[in-house]
Amino acid sequence: MSAEDESEFIAHATAAHPLTISGEGRISALVCSHGSIQFLRSERCGSTLTAGRIALATTGLDGESLFPDTAPSLEHIYRQLRRWLQKHYTNDLVAYSEALPLERRKVVRYPSFWLAPHARSWLLSHADAVLRQFQTGAVVFMPSPSHAAGNA
């Protein structure tokens with residue numbers, strides 16, 4: 001997500017559900033009376049954009065339920081937010097590893113990442129822009145060539 005995408009997502013999440021955003025750092029939460037959904041913000045550093053994510057934890061490391069009475073409600077909200085992301089974002093991405101020499105690099109389809117519209121525009125409009133899962137990660141993600149050309 002770019003900053004614009006993040007604003008749109010948070011506006012949707014808080015308008016559609018009884019959620020508030022907690023924290024302004026890279027890791028925050030979307031909080032309601034049922035519990036919280038972790039929100040890891042994307043970061044842009046120079047020409048690199050890192051992937052963000054939302055995550056739901058209804059059990060602790062010991063397997064015990066954190067929110068035994070409200071977990072189903074929180075899971076329902078989480079699933080609705082994921083569906084919204086999938087409806088508004090694209091997963092037509094490919095990836096390759098910069099750790100491999102050029103002659104051994106293979107570009108593979110990577111449908112488990114979802115790219116937000118403003119972030120996609122930024123990636124396509126800057127020749128040196130890259131999307132990585134982590135700032136120091138060797139794997140680079142990009143819109144697939146057919147999608148980038150508008151042939152989704």
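View 1. A polar atom of the Thr90 side chain lies 3.2 Å from the backbone nitrogen of Asp92. This is a polar contact (a pair of N or O atoms within 3.5 Å; within protein, one must be able to donate a hydrogen and the other to accept it, and residues adjacent in sequence count only if both atoms are side-chain atoms). The model is predicted: local features need pLDDT of at least 70, side-chain atom pairs count only at pLDDT 80 or more, and totals for chains, interfaces and linings use all residues. Residues are numbered from 1 along each chain as its sequence is written, and side-chain values use heavy atoms, with hydrogens and water left out. Thr90 sits in the loop between α2 and β7. Helices (H or I, at least four residues) and strands (E, at least two) are DSSP runs, numbered from the N terminus. Is Thr90 buried or exposed? Thr90 is buried, because its relative accessible area is 14%. The cut-offs are under 20% relative accessible area for buried, over 50% for exposed, and in between for partly exposed (1.4 Å probe, protein chains only).

View 2. Ser42 lies in the loop between β3 and β4 (44–45). With 17% relative accessibility, Ser42 counts as buried. Its side chain reaches two backbone nitrogens: that of Met1 at 3.0 Å and that of Gly52 at 3.1 Å. Which residues does Ser42 touch, not counting residues up to four places away in sequence? They are Met1, Arg26, Leu49, Thr50, Ala51 and Gly52. Contact here means heavy atoms within 4.5 Å.

View 3. The loop between α3 and β9 (130–132) holds His126. His126 is partly exposed, because its relative accessibility is 35%. The side chain of His126 reaches the backbone oxygen of Trp122 at 2.9 Å. Glu75 is 51 residues apart from His126 along the chain, and their C-alpha atoms are separated by 37 Å.

**View 4. The largest nonpolar core.** In soluble globular proteins, nonpolar side chains tend to be buried together. The largest core here has 29 residues. A nonpolar core is a set of buried Ala, Val, Leu, Ile, Met, Phe, Trp, Tyr and Cys residues joined through side-chain atoms within 4.5 Å. Phe9, Leu19, Leu30, Ile37, Ile54 and Leu81 have the most contacts inside this core. At least two core residues come from each of α1 (3–16), β2 (27–32), β3, α2, β7 (93–97) and α3 (117–125). The most come from α2, with 6 residues. Leaving aside neighbours within four places in sequence, Leu19 is in contact with residues including Leu30, Ile77 and Leu81.

**View 5. The largest pocket.** How many residues line the largest pocket? There are 25, and Gly52, Arg53, Ile54, Phe113 and Trp114 lie nearest its centre. Two or more lining residues come from each of β3 (35–40), β5 (48–50), β6 (53–55) and α2 (71–88). The largest share, 4 residues, comes from α2. A pocket is an open set of points on a 1 Å grid over the protein atoms alone, where a 1.4 Å probe fits, with protein on both sides within 12 Å along at least five of seven lines; lining residues have an atom within 4 Å of a point. The pocket volume is about 480 Å³. That volume is the space filled by probe spheres set on the points, with grid points joined across faces, edges and corners.
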